[in-house]
Structures are given as C-alpha cells and as structure tokens.
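This briefing goes through the structure shown below, topic by topic. Definitions are given where a term is first used.

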Amino acid sequence: MAWVVFFILAWLFVIASFYTWYRAVENEKKIRQMERR
Amino acid sequence: MSSRSPSSLIARTLEKTWSSFALLMTAVGWSVGAGNYWRFSWRAANYGGGSFLLTYLIWLVITAFPLAIAEYAIGKLGQGGPLHGPYNLAERYKKLAAFGGMWMAWADFMIMCYYWVVTGWIFYYMLHAIAGTFFAPDFDASAFWKSFGFTPTSLGVGALMMFLSMLVTAFGIRGIGQVARFMFPLLFIFTVGLAIFTLTLPGAEKGLEFYMVPRLEALWDPATWMQSLSQVIWSIGIAWGFLICAGAWMRRNDDPTLTAFGNVVNDTAVGWMAGTAIIPLIFAISATPYEDIKAAGTGLAFVVLPQLFRKMGAAGHVYAALFFIAFWFAAFTSLITIHEVALRPLKDFGMKTSHAAVITGLLAFVCGIPTALSSDWLDYYDTVWGVVGLSLGLVFIALITSYFTDPARVRQGLMEMDIKPFIRLGKWWDYLVKVNIVVPILFFAWWIVYGEWIQGWGAGLHTYYTFPGMLILVIGGAIMYYLVSKVIEAQTGGR
C-alpha cells in the first residue's frame, strides 16, 4: 500500500495546478483594480 | 545594456492579451510537451519506477522550484535574454555570467537537434489517430512503432516539423501562442482522464505498485538520481534559457514565485498523470511487462498509448484524435520556443531574426539526423545534453543569482510588487539556490565513480561512449566563452 502516498501526491499536484490557475486570475483582478485607482 | 527586442516571438505571444493567467498558461505551455509523455514514461520505467518518483520529488523541492524563481529573476531583474540578462544582473564575473546564460542557450540548441524528431513522431501519430489506424482489428502497436520509429519516414516527418518551426520563428506567425494557451488546459484534462481510465483496468494495480513504490536498491544507484534530476529540469524547462526570456517580459506585478510554482506543479501533474496512464497499462495488458518496457526503450509511450485508446472502445477514436492534436500542439509550441531561445544569441550578436531562424533550424536539422535514424544516437544526445548539459546550466543559474551577485538583493528585487507575493522568499531561498552550485556536480561525480569504478568500466554514464560528446561540450564551451567575451567587449566598450 506504499503506492497510496504517491498516488495521493499525484492528485495533490493536479489540485495545486488548478489552484495556480485560480491564483493567477485573482492576481490579475487585483492588478487591474490597482491600475484603475 | 538591454536586449528587449520587440520582434521576439515570446513577446509577441504575450503582448496582445497579457495577463497573469495568460503568462502562467504560456509558461506552463512551454514546459509541457514531449518531455511529459515520451521522456517521462521512458525514464521513469527504466530508472527505478517508484524510486524515480521519490528522487523526482526531492529534486522538485531542492532544485526545480528555487532555480525556476532564480531563472525568472535573471530575466526580470537583468532585463535581457540569456546573454544580457545574466550580464546585467551579475555584480562580478559578468562575462562568466553571460557565458552561463549562453551555455543554457547552447544546451537548448543541442536539445532542439532531437526535439524536432520527437515532435515528428507525435505529428505522425496524430495523423494516424485522426485516420483511425489504431483501431483496425489487426493493428499491432509494437510493429507499427518499429515500422516508423528511426526510419527515413520518421526523418522526413521530423524535417517537416523543423521546416514549420523555421517558418514560424523566421516570419513570426502570430496566433500559435494563443491557440496553445487553450490547448494546454485541454491536454491537462485529457491526461487526467487517461490516467483514471488506466486505473479502472484489471491488472493495473501491479503496474501502479512498480510505478509508485520506491525500492531501496534503486536509491543507491546514482543513475536514478541523475536521471530524475535531468527529467525534472528537462520537463519543466529549467536551464534552457526560456525562463530568462519570460522573466524579461514580466511586468512589475507579475509574480515570479507564482509562475515558478505553476511551472513546477502543472508540469509535474501532467508528467505523473501521463506515467499513471502509461506504465500501469503495460502491466494490465502484458504478461511480460518488464521485458516489454526494455524492448520498447525510448518509444515506450508510442507503443503503449495506441493500445490504451483501443481499450476505450468506440469512444477511443475521438479521444485519441483530440488527445494527439493537443499533444502535438504542446510539443510544437515547445519546439518553437526552444528554437526561439536557440536563435536569440545570434540576434544578440546582431543577426536578423529570419536569418538566425533559418541558420539555427538548418544546423539543428543536420546535427539531429543521426537521432532520427538511431535510438542509440538519440539516447547519446539526450545523455550528453539532456543530462550533463542541463545539469551544468543549473550550476550557472545558482552561481549567477547567489555568488556573482548578492542573493538578498535578488530576493528583494523579486519581492518589489504592489500585490502580495504567492510565496514570500526568505533566506531559505538563498540557501537552496546556493546548494545547487555543488549538488549537481557531486551527483555527477558519484554517477561516474559508481558507474565506471564500482559497476565496471562503461556501466554507468558510458564514459568512453559519451567522451566525444563531453569533449565537444568542453571545447565548444571554451570557444563560446571567447565569443561571448568579444561580443560583450564590443557592446560595452570593454567596461
């Protein structure tokens, strides 16, 4: 069952990837807001 | 001294619809390519399976993440490409810093010499996936690969890829970057889907065990460590010089820590998921998986993927076609980015873009012909440049950002943003970067000693076999240092 650790890790990488997509969109919103001010 | 040329393809890709998300997708799109499927499954299956993954993980933390940030820093703070970025950032040994950047561009060029070959394979498989060849009742994936891989047909298809790359880079065809940006999320989701499908097949759990359980004996073999290090940097695209180019085009508020983290996790997710789709499948469909892995060699992904799509039944045809279209786009956009970085030094030396694109393209084609016709040659190029060349590039990135200049100053420069950084860099980052000045060299030395002296002459790196390549590496490096010095002197008036 040692493979379970890496299996979970592989899925964590997938989730972390989606999170970076989300963070990039959020960052851009903040940058645009600052530019408007 | 700045070299932000408005004609750069990288810049053109980004300038029209620049946003943090576009930057991340473009950067990740460059990273994800042939390396995640073709090279990852080949190297992971042949160098330890689970042990490969464990060492891969260690390299991600020690090397990939800190050095991806460092490479972005060279571009963002040095405001230039592989030649000028390091020169501008360094406070001392400036010429050596410029040489380090050029070393990366040179490694990038040498890898381009066989990257067009692999892009050609993917293109050929894409055409056959669309035509439905894989779904004929008497289709034999191994025989199909043997009848194509390393034959004149494969050379011809590869030549077409190189020609297309020359067209795109010479004439700056717009739009490809934008298409690639949509293709990456598509490829990501397709790959996850493939991995899930493989896991549902009976017998896949044995493969999952081989792929994901580390074995102690493989951890004692330095080849596992060196191969996983090279895979990490090859796949993510560290020490190729293109993160420097991307860094040069970042705005003040584009966060290099988020983009570097994004490069690392997105690329690893695709690579590990591709491995989950490919390696366990061999165990599900074959009675002799270990022998099949050895026999498939560098063509592992190309032997396995068609069989995976066949298993999907009626939906397999559409899935295969869409997957290979997205995969080819990923590989082709990586090829043109590699080409762009390879021609950049010639532009920095004062040559026109179109001339530089054609010269580097033709040279890469001629130098790469042996790799299109022989798997031994491809392995040879990949060992000398993909493993040794890129690892030395890591040492240069670490030197430039932590020894040729004050790492605290670099860190401060990176943190100068109006938004909160994704990860706040502290002294831990300085230490991690410094570790990379010695670690790749130590592992390289261990690899040679273990391979040649303990396992027997020629068992490890095949020193006698790779020696001519190493010699080119050293002599070429010396010539390049001379050229870089002359160009720098001419451009700065000897300052």
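**Lys434(B) and its surroundings**

Lys434(B) counts as partly exposed because it has 17 C-beta neighbours inside 10 Å; a residue is buried if 20 or more other C-beta atoms lie within 10 Å of its own, exposed if 12 or fewer, and partly exposed in between, with C-beta atoms placed from the backbone. This is a predicted model, in which local features need pLDDT of at least 70 and side-chain atom pairs count only at pLDDT 80 or more, while totals for chains, interfaces and linings use all residues. Residues are numbered from 1 along each chain as its sequence is written, and chains are lettered from A and ligands numbered from 1 in the order in which they are written.

- Lys434(B) lies in helix H21 (residues 427-454) of chain B; helices (H or I, at least four residues) and strands (E, at least two) are DSSP runs, numbered from the N terminus.
- Pro407(B) is 27 residues from Lys434(B) along the chain, and their C-alpha atoms are separated by 9.1 Å.

- Chain A has 1 helix and 0 strands, and its C-alpha trace spans about 55 × 10 × 5 Å along its principal axes.
- Of the 37 residues of chain A, 30% count as buried.
- The contact between the chains takes 19 residues from chain A and 26 residues from chain B.
- On the side of chain A that touches chain B there are 13 nonpolar, 3 polar and 3 charged residues; Ala, Val, Leu, Ile, Met, Phe, Trp, Tyr, Cys and Pro count as nonpolar, Asp, Glu, Lys and Arg as charged, and the others, Gly among them, as polar.

**Nonpolar core**

- The largest nonpolar core has 182 residues; such a core is a set of buried Ala, Val, Leu, Ile, Met, Phe, Trp, Tyr and Cys residues joined through C-beta atoms within 7 Å.
- Helix H6 (residues 94-131) of chain B supplies the largest share of this core, 26 residues.
- Among the residues with the most contacts inside the core are Ala107(B), Ile122(B) and Phe327(B).
- Leaving aside neighbours within four places in sequence, Ile122(B) is in contact with Ala34(B), Phe324(B), Phe327(B), Trp328(B) and Ala331(B).

**Helix packing in chain B**

- H6(B) packs with helix H17 (residues 315-348) of chain B at an angle of about 160°, their axes 8 Å apart; axes are lines fitted to C-alpha atoms, for helices over the stretch in contact, and angles run from 0 to 180 degrees between N-to-C directions.
- H6(B) is therefore roughly antiparallel to H17(B), a term for angles over 145 degrees.
- The contact of H6(B) with H17(B) involves 27 nonpolar, 2 polar and 2 charged residues.
- Helix H8 (residues 152-171) and helix H18 (residues 353-373) of chain B cross at roughly 165°, and their axes come within 9 Å.
- H8(B) and H18(B) are likewise roughly antiparallel to each other.
- The contact of H8(B) with H18(B) has 13 nonpolar, 7 polar and no charged residues.

**Positive phi**

- Most residues other than glycine have a negative phi.
- Tyr93(B), in the loop between helix H5 (84-89) and H6 of chain B, has a positive phi of about 50°.
- Tyr93(B) counts as partly exposed because it has 16 C-beta neighbours inside 10 Å.
- Ala239(B), in the loop between helix H12 (222-236) and helix H13 (242-248) of chain B, has a positive phi near 70°.
- Ala239(B) counts as buried because it has 30 C-beta neighbours inside 10 Å.

Key
Contact = placed C-beta atoms within 7 Å. Parallel < 35°, antiparallel > 145°, perpendicular 65-115°, else oblique.
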